[in-house]
Each structure stands twice: as structure tokens, then as C-alpha cells.
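Welcome to a short tour of a protein model. Take a moment to turn the structure around on your screen, and then we will walk through it piece by piece.

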Amino acid sequence: MLRLIRIRNLALIRELEIEFSEGLNLLTGETGSGKSILVDSFGLLLGAKSSPDMIRSDCDAAVLEGLFEIAESGSVSRMLAESGFDLEDHSVLIRREISSAGRNRILINNHLASLSLLKSLGEKLGDIHGQQDQKSLLDLSSHLIWLDYFGGNDALVKEVQETYKKLREIAGQLDSRQTDEQERLRRIDVLQYQIDEIRCADPQPNEREELESERNIMTHREKVLALATEAYEVLYGGDLSILRELTRLERLLEALEHFDKNWFAHKESLREIRYRLEETAYAARDYAARTDFSPERLEQVHQRSYLLEKLMKKYGSSIAEILEYAKECSQELEELLSHADSMARLSEQLKGVSDKYLACAERLSEKRRGDALRLEREIRREFAALAMERMEMRVRFHPRHEKETLGRLPGFYGLNGIDRVEFLIAPNKGEEIRPLARIASGGELSRLMLSIKSLCGSEEENKTLVFDEVDAGIGGRVAEAVGKRLREISEKNQVLCVTHLPQIAAFASNHFSVRKEIIGGRTETMVAHLGESERIHELSRMLGGEAITPATKRYASEMLQRSMRLAAKT
């Protein structure tokens, strides 16, 4: 339930704070006073998309805050706990900051949150019902959604949807593998040739680098031999070689050790150096004997390098990529060779999942037919409460066209099951039942939408329901019936309603007046909570315009008292 909303720098609102309470909260005011801005503000708190155009002119940012009271063990509390948000006093504070520079922020209980989380949370905190909802009643696809909502079929619908998605996935795999047989055989030949070419060459990891090193050595063999010989002479062969001088140094250290034992460690370190230098000297001496400098070997290296470069141009920029390509080709070849087995396996899977889908969809369809009968019975009571006693509504299930197919699947299979339903009405008894789009007026759609909303109810305690334009096309006795029904709905859920009709406004538990004022040369939207005398004045204005007479005020007072008596009987 929305306890408080605070708005700053949004459209015509400079700064505004409104406290709401339980029951029916009515917003009234002249056309253009800013009532729709308040509805839009509530939508933003529930996760609607924002736009810099919403920001008050000459301002850099708009800020909205909403304080909601929630049930301790409700789904909102569970969702917040699962998302890591702390709860304080069974309430949640939502803050949205809309910046002209695009630096928008969402905070839930003073912690940053994503728009997707806010949308999920908003679905449980409140609903906004306006003319768009009324228009959705004319869309046949929405009728099935309303019926499932009424029947509480979420779990069954979810199971059907998940099975259908799996069904489409398998059908897609079958379609993608149903290639032309000649094309399949041609692809097998290409893959087999490429795999054989790579396997015949048998490239090895790091082979290209090793060949390059060997070719470089053989190409500069004279220089390499000369350098190796000179290295041996420096280390060992010459009269002043390093190892000869090292021997002399060792003798000096032994003499020093005779007088000072601390020189022992230095002598041992020198011995380790000698071993390393001797290894290097012997390697340089034996280098020529270990290295093959034959022209035949050089030609082999050239040919092998050329072969590897040829493979790299065709199959990858490195040996590793060539080997990976060969692996992928082998896998594809195996799939193509086992094409028949794969198709048979997928076809069997398709049949199994199709049987599961049909069984689940049939259960859902049977449940829906029972829900439809119950909806028809209960909607009659709603019609009577809204002064539509003569109206009849039927839920029609359209026949399935079982011979039609959609690819590999029957044509009547769908994401939401195998049913196509339509709401039909007859405005008066004895008239033909017809589709809503062909017969319902704007006022009838408003009341029909209100009836369906009240029947669907809400799983959340004290959820906030916002009704905008619910009074379209109605008046008089019908408007009074709508007001009474809104008051009844507000016994279970908090209701915020925008109306232009005094017959509805008279049923308010809390009445707010929305008006525009010019302050400092600029237009601002203001909201005031009305006491009893102020309510009578506002109802008089709604009844008779700006010229309020004593007679109008008496009528407004009588209307208010009558509405309170009717509300007390609910």
C-alpha cells in the first residue's frame, strides 16, 4: 500500500508531498490540472520508463520517492530479501532520480537497484488501469490472459510454455538438419579431403618454430661454427682461457682459506661456476659434431616449412588453429555420417515432447473451460453491481483446426496452449451475443474492465490499484454504481482513482483536489487533502461549474451523505 509519495521537478510539479491511506483515495480537478502527472509518477515508481522530457523546464533533474507498506510474509518481502535488500518497519522506500544528462538512478531502501528489479517489484506493489486496459479488451489475445488470471492458472501456463519452447527447439533442429542429400554428400567429400590432408601432413605443436630455428642455423653454418669454436677457445682452449684462470683463482682461495675459514664458502661457489663453464665449453667443442649441415637436410627443412605454410593459408594462422579446425571437421563429418540416426533420434524426441505438451495443454484447456463457466456466473453479479443488469457475457472457445500445421507442429499448438477464447456480450436480454469490438461502448468497456479487475483480485495484501479514466462514457446512476463498486474493492486493496464525476468522488475515503496555480510567474500543480466542507465545495464545482449556488451545495451535501450510507452497507 502506498503511504506517501514525494515529487520534485516533474512536469508542472515543483515540489509536492501527498500522504495516502487505506480505502478509496480520489483525485479530482479541472482538465489539465495535473492529475495524469500523478498517475505517471506512480507508474515511474512501479518501473515505467522515464524520459528527460518529464523534467520540469529549467531544471537538471527530477526526483520521485514512494513509501510503500508491505506484508511481513508477502512476496514483496521475499523478493527483496532474495535480492539482498534490508527491510525496515515492513516498508519499502523507492527513489527514482531522472537526470537531463542521462545519469538516472534507482534506489530501493537507499540501495542502488536495476530497472528490471523495480519492474518485478512494481508488479507486486500496484497496478495501473486506464484506457489502454479497456482497449486491450478488444484484443482477442488478451482474453485468454484475463481468463487465466481469473482462474489462477500461472503454474499450468508456465508448464505449457516451457514444454512448447522445448518443442519448438527440437523442431528447429530437425529443420536445420533436413538438408538436400546431394549437398550432404558433397559436404562429406570436402570434409574428408581436408581431414586427410591435415592428417597426412601430421603437423606438430611448435614444429614451425623449431624448423625456423634449424633453417636459420644451417643457412649461416660457417658463421655458427666459427662462433662456437671461438667460444671454446675463450672458455678452455687458449693459454689465457677463463677456465685456466679460474684454476689459478681456486688455488688462491685455498691459500686464503688456510688462514681464514670464511673463504671456504667463496671457494665452494667458485666450484659451482666451474662446472657451468665446463658444460658450456664442451657444448661449444661438440657443436660441429652434433649439427647436421648437409644440403639434403636443409632442403627437407625448406619443403616441410613450405607444406606447413600452405596448410596455414587454408586452415588457420597457426598449427594450433589447424589442429582445432581438423577436430571441428571430424565432429561435423561424424554428424553428417550419422545423419539418419540423428534425424530418427530427434523425431522420436519431438514425438515425446509433443505428447507431453498435448497432455499438459489438455489439462489447462479443461481447467479453462471450468473457469469460463465460473467467470460467466460471477460476472453477472458484477454487472448487477454496476447497473448493467441486462448485460450478458459469454466466453467462447473457438474450434481447433487440427488438420492445419505450422511446420512440423499442429497449427493449433501455441505458446499459451491449444485454446483461443473470445469474450462475447449482449448489452440487453434477448439480443444476439456478439464480440466486444462490434457492440461495446466506451462506458461499457470501462465497467467491464472494472468488473474483470475486481474478479481477478490480488494475491498481495493491500496492493495499490490505480484507476484512471474508469468513468469514461458514463454518468448518473451508472456512475454512482461504479463509485460504490470502487469503494467495495478498496475494502481489500488500496485504490487510487482519478475521476471527473461527482457521483464517484462522493464515495471517497480520502478526497484530494488537484489544481494549477501561478507562483512566481510559473505554473505549478498543487494537491490538497479535502475536509468535509471542502469536499462539499469540490463536489459542487463538479456538479455546477464555477458558479456554485446554495442549491448546488445542498445537492452536493445530500450526494455525499447518500454515498456514505451506501458505502456503510457494503
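The lining of the second largest pocket is made up of eight nonpolar, seven polar and four charged residues. Keep in mind that this is a predicted model. The volume of this second largest pocket is about 390 Å³. Its lining counts 19 residues, and those closest to the pocket centre are F412, G417, I418, D419 and R420. Which helix gives the most to this lining? That is helix α5 (residues 140-151), with four residues.

**Two pairs of helices**

The axes of helix α2 (residues 75-82) and helix α3 (residues 115-125) come within 9 Å, and they cross at roughly 165°. Angles over 145 degrees count as roughly antiparallel, and α2 and α3 are therefore roughly antiparallel to each other. The crossing in which α2 passes α3 is left-handed.

The second pair is helix α6 (residues 154-177) with helix α14 (residues 339-385), whose axes come within 9 Å and cross at roughly 155°. That makes α6 roughly antiparallel to α14. Here, too, α6 passes α14 in a left-handed crossing. What kinds of residues make up the contact of α6 with α14? They divide into 16 nonpolar, seven polar and seven charged.

**Strands and sheets**

Strands of a sheet pair through backbone hydrogen bonds, and the pairing is either parallel or antiparallel.

Start with strand β1 (residues 2-10), which pairs with strand β4 (residues 61-69) in the antiparallel sense over six bridges. In this pairing, L4 stands opposite L67 in β4. β1 is also joined by six bridges to strand β2 (residues 13-19), and these two run antiparallel. R8 has E15 in β2 as its bridge partner. The hairpin of β1 and β2 has two residues between the strands, and A11 in this hairpin takes a positive phi near 55°.

Next comes an open sheet of six strands, in the order β8-β14-β15-β3-β16-β17, with mixed pairing. β8 (126-129) and β17 (522-529) stand at the edges with a single partner strand each, so one side of each is left without a neighbour in the sheet. From one strand to the next, the twist averages 20°. At one end of that order, strand β16 (residues 510-519) and β17 pair in the antiparallel sense over eight bridges. If you look for R515, you will find that R515 stands opposite M526 in β17.

Another open sheet has three strands in the order β9-β12-β13, and its pairing is antiparallel. Which strands stand at the edges of this sheet? They are β9 (392-397) and β13 (434-435), each with a single partner strand, so one side of each is left without a neighbour in the sheet. Strand β12 (residues 421-426) and β13 pair over two bridges, and I425 stands opposite R434 in β13.

| Strand pair | Bridges | Facing residues |
|---|---|---|
| β1 and β4 | six bridges | L4 and L67 |
| β1 and β2 | six bridges | R8 and E15 |
| β16 and β17 | eight bridges | R515 and M526 |
| β12 and β13 | two bridges | I425 and R434 |

Key:
Residues are numbered from 1 along each chain as its sequence is written. This is a predicted model: local features need pLDDT of at least 70, side-chain atom pairs count only at pLDDT 80 or more; totals for chains, interfaces and linings use all residues. Side-chain values use heavy atoms; hydrogens and water are left out. Two strands pair if DSSP finds at least two bridges between them. On a 1 Å grid over the protein atoms alone, a cavity is a set of points where a 1.4 Å probe fits but cannot get out, and a pocket is an open set with protein on both sides within 12 Å along at least five of seven lines; lining residues have an atom within 4 Å of a point. Grid points are joined across faces, edges and corners, and a volume is the space filled by probe spheres set on the points. Ala, Val, Leu, Ile, Met, Phe, Trp, Tyr, Cys and Pro count as nonpolar, Asp, Glu, Lys and Arg as charged, and the others, Gly among them, as polar. Axes are lines fitted to C-alpha atoms, for helices over the stretch in contact, and angles run from 0 to 180 degrees between N-to-C directions. Angles under 35 degrees count as roughly parallel, over 145 as roughly antiparallel, 65 to 115 as roughly perpendicular and the rest as oblique. A crossing is left-handed if the near helix is turned anticlockwise from the far one by less than a right angle, and right-handed if clockwise.
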